[in-house]
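Student: I have a new model open and would like to learn how to read it. Could you walk me through its features?

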Amino acid sequence: MISKVKNAMSSLVGGIMPHGSHHQHGSGGAHGGGGGGGGAAEALPPRFAYSRPEFLDLTPELLQYSTEHASRPVLTPRRDTRLPWRTGYAEVINAGKSMLNEDQACCERLFVKKSSGKQRNSVLLEDHGVRIGLGEHSDGTGIPLHFWGVFDGHAGSGAAIVASRLLHRLIRDRLCDIAHLLENPAQAPPICLTKNGSPYQVDSKKGAPLEEDPDSPNDPSAHFYMEKTVTLESLVMGTIENAFKQMDDLIEKEKSSYSISGGCCALAAVHLMGKLYIANAGDSRAIIIRNNEVIPMSSEFTPETERQRLQYLGFLRPELLGNEFTPIEFPRRIQQKELGKKMLFRDHTMTGWGYKTIVEEDLKFPLIYGEGKKARVMATIGVTRGLGDHDLKVYNSNIHIKPFLSCCPEVKVYNLTEYEHGPDDVMVMGTDGLWDVTTDREVADAVTSFLSCCDPNDSMRYTLAAQDLLMRSRGVLKERGWRLPNDRLGSGDDITVFVIPLVGLRWET
Ligand code: MG
């Protein structure tokens with residue numbers, strides 16, 4: 001088995017997995033992933049046909065043109081397209097890494113209001129408690145919610161397309177479940193949890209309940225049992241986290257009826273009641289640029305950044321490693337002749353390095369192997385959070401990559417009302433194709449200098465800034481491939497970017 005993994009690994013570094021999936025690659029925005037699937041699933045219809053984001057409004061000819069690897073056109077919305085907040089958008093396909101653009105994107109304005117039962121929206125997927133369908137029937141009332149999402153697919157575009165069509169609706173639907181708590185924000189005090197976890201509200205000044213603890217009516221000792229004070233902000237965060245999990249479950253369930261290929265990293269931003277909630281599962285990135293200062297709004301989840309979580313999971317549940325991998329990290333592969341010798345190591349409890357005596361168990365293939373963009377979990381995948389990938393297994397084995405690959409996002413919050421933003425203050429959300437070749441600082445400088453030369457009243461200025469950013473990161477095709485102005489290699493990955501003005505709400509009607 002180890003030799004199989006070694007073969008797979010050397011092929012990965014070389015670029016192509018032996019079973020020929022064109023999605024496997026060792027550098028340039030690689031996620032790896034693949035395997036599994038196939039067989040009967042290929043006969044199933046796709047959940048959604050391949051397409052680009054609806055707001056691009058591509059004709060069939062333009063859709064075809066968008067896949068031109070030789071010219072790599074930068075696609076943007078048309079001038080007459082009005083995205084919420086005058087959001088800027090641009091995308092470009094990779095240089096032949098995959099046939100189709102595996103990135104997807106979504107930008108929507110929705111409304112949150114009290115659930116009125118199952119009659120709302122369509123009956124599709126009702127058994128999942130998901131009130132979503134093919135049509136969105138909103139009457140424009142309720143609390144406005146703005147959503148931006150970038151989805152970086154791997155091993156196919158299926159999961160990325162499904163997530164880009166449904167995740168925002170799942171988040172909206174879950175927020176509708178707590179709409180009664182959101183509807184009066186000015187009076188919204190912290191919420192307390194009762195003994196059984198159900199929420200009730202308290203007077204934030206007095207710290208006393210506004211209503212009786214439903215678990216303990218007329219019970220003067222109710223305060224004694226109070227468990228936690230939960231803010232509305234953390235309730236929204238938890239709602240978004242649960243929507244990601246629900247999205248992942250839904251993809252798994254739908255796979256029994258549809259072909260949904262691969263998996264995807266998901267980066268979503270939700271604006272609700274003056275706050276931006278940025279949820280990230282994968283290696284896409286969001287930054288806020290305020291006064292040309294960079295404020296990171298997400299962290300990447302990779303085998304290296306998540307080493308201790310992965311090692312701990314392998315330590316707690318060794319059966320997940322299929323008797324083929326060791327969760328302990330060494331500076332290099334251990335050889336048979338080193339048995340009994342001392343070697344540097346670190347496990348899930350350690351940030352630094354120590355020494356241990358090598359035993360037979362240590363000869364197994366490392367759970368995490370490789371460095372930087374070539375680091376892989378179980379020689380298979382280069383990201384550790386995302387949606388989909390339920391079939392993903394270690395090459396030629398029955399070892400599943402989940403749950404090492406987790407669908408849980410990290411959510412960060414930015415309070416828009418705490419600062420006076422100018423028209424050049426923006427949030428940039430991009431897939432790793434952007435960040436692999438352009439640093440946060442370079443992105444901030446490029447966007448700031450571009451916007452400073454743009455008419456502040458031009459509704460297209462943020463899309464033009466996004467387009468400029470992509471052309472810089474894609475580069476120009478020369479004899480030795482796509483090159484940046486400094487002659488470094490341009491991004492060979494799909495790139496998707498939103499440039500979102502932080503004053504965008506003022507342009508909403
Ligand atoms: Mg990518």
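**Reading the backbone, the helix pairs and the metal site**

Tutor: Gladly! Let's begin in a loop: Asn-323 sits between helix H7 (307-316) and strand S11 (325-326). Keep in mind that this is a predicted model.

Student: What is the phi of Asn-323?

Tutor: Start from the general idea: most residues other than glycine have a negative phi. Asn-323 is not a glycine, yet its phi is positive, about 60°.

Student: Is Asn-323 buried or exposed?

Tutor: Asn-323 has a relative accessible area of 59%, so it counts as exposed, the cut-off being over 50%. Compare Asp-487, another residue other than glycine, with a positive phi near 75°. Asp-487 lies in the loop between S21 and S22, and with a relative accessible area of 34% it is partly exposed.

Student: And what about the peptide bonds? Which residues does a cis bond join?

Tutor: In general, most peptide bonds are trans. Here Lys-402 and Pro-403 are joined by a cis bond, with omega at about 5°. Pro-403 belongs to the loop between strand S17 (387-388) and strand S18 (410-415).

Student: Let's zoom out. How many helices and strands are there in the protein?

Tutor: The protein has ten helices and 22 strands. Of its 509 residues, 54% count as buried. Contacts tell you about the fold as well: taking those with a separation of 6 or more, 71% are between residues 24 or more positions apart.

Student: How do I read a pair of packed helices? At what angle do H3 and H6 pack?

Tutor: Look at the angle, the axis distance and the handedness in turn. Helix H3 (residues 158-176) packs on helix H6 (residues 232-254) at about 140°, and their axes are 9 Å apart. An angle has to be over 145 degrees to count as roughly antiparallel, so H3 is oblique to H6. The crossing of H3 and H6 is right-handed.

Student: Which residues of H3 and H6 meet?

Tutor: Among them are Leu-166, Leu-170 and Ile-171 in H3, and Phe-244, Met-247 and Leu-250 in H6. By class, this contact of H3 with H6 has 15 nonpolar, two polar and one charged residues. Take Leu-166 in helix H3 as an example: its relative accessible area is 4%, so it is buried.

Student: Now a second pair: how far apart are the axes of H9 and H10?

Tutor: The axes of helix H9 (residues 440-452) and helix H10 (residues 461-474) are 10 Å apart, and the packing angle is about 135°. That makes this pair oblique, and its crossing is right-handed. The contact includes Val-443 and Phe-450 of H9, together with Tyr-462, Asp-468 and Arg-472 of H10. Its classes are nine nonpolar, no polar and three charged residues.

Student: Finally, the metal. Which residues are the protein donors of the magnesium ion?

Tutor: The magnesium ion has Asp-152 (OD), Asp-432 (OD) and Asp-493 (OD) as its protein donors, at 2.1 to 2.2 Å. Their sequence spacing is D-x279-D-x60-D. Asp-152 is in strand S3 (residues 143-154), while Asp-493 is in the loop between strand S21 (481-483) and strand S22 (495-501), so this pair, 341 residues apart, links distant parts of the chain.

Student: Are Asp-152 and Asp-493 buried or exposed?

Tutor: Both of them are buried.

How values were computed: Residues are numbered from 1 along each chain as its sequence is written. This is a predicted model: local features need pLDDT of at least 70, side-chain atom pairs count only at pLDDT 80 or more; totals for chains, interfaces and linings use all residues. Side-chain values use heavy atoms; hydrogens and water are left out. Donors are N, O and S atoms within 2.8 Å of the metal (3.2 Å for Na, K and Ca); water is not among the atoms, so sites may look incomplete. Helices (H or I, at least four residues) and strands (E, at least two) are DSSP runs, numbered from the N terminus. Buried means under 20% relative accessible area, exposed over 50%, partly exposed in between (1.4 Å probe, protein chains only). Axes are lines fitted to C-alpha atoms, for helices over the stretch in contact, and angles run from 0 to 180 degrees between N-to-C directions. Angles under 35 degrees count as roughly parallel, over 145 as roughly antiparallel, 65 to 115 as roughly perpendicular and the rest as oblique. A crossing is left-handed if the near helix is turned anticlockwise from the far one by less than a right angle, and right-handed if clockwise. Contact means heavy atoms within 4.5 Å. Ala, Val, Leu, Ile, Met, Phe, Trp, Tyr, Cys and Pro count as nonpolar, Asp, Glu, Lys and Arg as charged, and the others, Gly among them, as polar.
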